[in-house]
Amino acid sequence: MERAKVAITMGDPAGIGPEIVVKALCKADVYEKCIPVVIGDYEALNDAVRFCKLDLSFNEIKSISEAKGQVGVIDYINLGYLKPNSWEYKKNSVLGGESSFNYIIYAIKLAMEKQVSAVITAPISKESINMAGHDYSGHTEIFADYTKTPDYAMLLASGNMRVIHVTTHCALREACERIKKERVLKVIQLADEGLRLLGVDSPKIVVAGLNPHCSENGLFGKEEQEEIVPAIEEARKAGIKVFGPEPADTVFIKCKGGLYDVVVAMYHDQGHIPLKLSAFEYDSATGKYSSVSGINCTIGLPVVRSSVDHGTAFGKAGEGRANEQSMLDAIFAGIEIAKNKFGSKQFNNY
């Protein structure tokens, strides 16, 4: 089987993106499955190799077809936003926002033109992107806008724990107002699609309630009765294996234990907190994360996008101590999703 060509966006140069990218591309098993091409800036990539003390070289290319895909050699497309010492680690900036935004747009274009099978994204700073004049709350919304996708959802995964969100980047008060039958139903459908793309043949989907104890039959709210239950019932009629709503304080435990394959979370932190409790481990003695695993992917797009499940980590940027496991997870997940989405023939011909 031919290897997939994947684009990896470098992320904000002031964060840990360049570091986790070069660390991940030291691994031989990455090159057994794909030909990775970094979309970013040479200066930041080279600096990451320097302070991480890695034995890597670079191959600048102008088109994806020129990529060699050799272990120890990073194929990259240099967009030239950065000059030596033109950025500062650990700080938001217009330069960081403008450069990282344009890495993404370039990679989306490659994916839409079917030059790459998947786009793997390193973390960006939402503040920097908005400082640069780009009014987006994250990767998810950028990909949806530039691929003209009206219905999409964020899916996070780490081992047995998988969550998909009805709402994401908005105020909590607004999130509650967005819990409508049509959106809940759409996310249930996207959960079914997303799990199949990740290789789960017959997904068991469970929907979390919004209110404590799923509102106790309306005692603590009406959203379950008026919006969530009707969406579940309609999804069942369509043949989707969906359960709930179940109280959010126990449903994630059941998913982690394997009773369900994915939880439909109502808002950002309801899904992110249990996922990261499962995927991250912090050692207070060393001040380091001993595990930072998991992926973030956008379901519903015409292209494949998977990402690390963490932010720019400005606090440790430029120091060589970032953990690349989530980047490796994202690369392998992107390859799997692309294979299941496009099929072997189209997948191999990219």
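Start at Glu-98, which is partly exposed, with a relative accessible area of 26%. On this scale, buried means under 20% relative accessible area, exposed means over 50%, and partly exposed is in between (1.4 Å probe, protein chains only). This is a predicted model, in which local features need pLDDT of at least 70 and side-chain atom pairs count only at pLDDT 80 or more, while totals for chains, interfaces and linings use all residues. Residues are numbered from 1 along each chain as its sequence is written, and side-chain values use heavy atoms, with hydrogens and water left out.

**Stop 1: around Glu-98**

Glu-98 belongs to helix α4 (residues 94-112). Helices (H or I, at least four residues) and strands (E, at least two) are DSSP runs, numbered from the N terminus. Select Tyr-81, Ala-132 and His-134 next: Glu-98 touches these, when residues up to four places away in sequence are not counted. Contact here means heavy atoms within 4.5 Å.

**Stop 2: helices α1 and α3**

Two packed helices are described by the angle between their axes and the distance between the axes. Select residues 17-24 for helix α1 and residues 42-52 for helix α3; they pack at an angle of about 70°, with their axes 9 Å apart. The axes are lines fitted to C-alpha atoms, for helices over the stretch in contact, and angles run from 0 to 180 degrees between N-to-C directions. α1 and α3 are therefore roughly perpendicular to each other. The classes are roughly parallel for angles under 35 degrees, roughly antiparallel over 145, roughly perpendicular from 65 to 115, and oblique for the rest.

The crossing of α1 past α3 is right-handed. That word applies if the near helix is turned clockwise from the far one by less than a right angle, and left-handed if anticlockwise. To display the contact, pick Pro-18, Glu-19, Val-22 and Lys-23 on α1, and Ala-44, Leu-45, Ala-48, Val-49, Phe-51 and Cys-52 on α3. Colouring the contact of α1 with α3 by class gives 8 nonpolar, no polar and 2 charged residues. Nonpolar covers Ala, Val, Leu, Ile, Met, Phe, Trp, Tyr, Cys and Pro; charged covers Asp, Glu, Lys and Arg; the others, Gly among them, count as polar.

**Stop 3: helices α10 and α11**

Move to helix α10 (residues 248-256) and helix α11 (residues 268-279), whose axes come within 11 Å and cross at roughly 40°. That angle makes α10 oblique to α11. The crossing of α10 and α11 is right-handed. Show Ala-248, Phe-252 and Lys-256 from α10 against Gln-270, Gly-271, Pro-274 and Ser-278 from α11. The contact of α10 with α11 divides into 3 nonpolar, 3 polar and 1 charged.

**Stop 4: Val-263**

Select Val-263 in strand β10 (residues 262-265). Is Val-263 buried or exposed? Val-263 is buried, with a relative accessible area of 0%. Apart from residues up to four places away in sequence, Val-263 touches Arg-162, Val-163, Ile-164, Val-206, Ala-208, Val-251, Phe-252 and Cys-255. Between Val-263 and Ile-164 there are 6.3 Å, C-alpha to C-alpha, although they are 99 residues apart in sequence.

**Stop 5: His-310**

His-310 sits in the loop between β14 (305-308) and α12 (325-348). His-310 is buried, at a relative accessible area of 14%. With neighbours within four places in sequence left aside, the contacts of His-310 are Ile-16, Ile-20, Pro-123, Lys-276, Phe-280, Val-292, Asn-323 and Ser-326.

**Stop 6: backbone exceptions**

Most residues other than glycine have a negative phi, and most peptide bonds are trans. Zoom to Gly-244 and Pro-245, which are joined by a cis peptide bond with omega of about 0°; Pro-245 is in strand β9 (residues 242-246).

Next, select Lys-148 in the loop between α6 (139-146) and β6 (153-158). Phi of Lys-148 is positive, near 55°, and Lys-148 is exposed, with a relative accessible area of 73%. Cys-214, in the loop between β8 (205-208) and α9 (223-237), has a positive phi near 55°. Cys-214 is buried, with a relative accessible area of 12%.

**Stop 7: cysteines**

How many disulfides does the structure hold? The structure holds 0 disulfides, a disulfide being a pair of cysteine sulfur atoms within 2.5 Å. For Cys-170, the nearest cysteine sulfur is that of Cys-176, 8.8 Å away. Cys-170 is partly exposed, with a relative accessible area of 22%. For Cys-297, the nearest cysteine sulfur is that of Cys-255, 14 Å away. Cys-297 is buried, with a relative accessible area of 0%.
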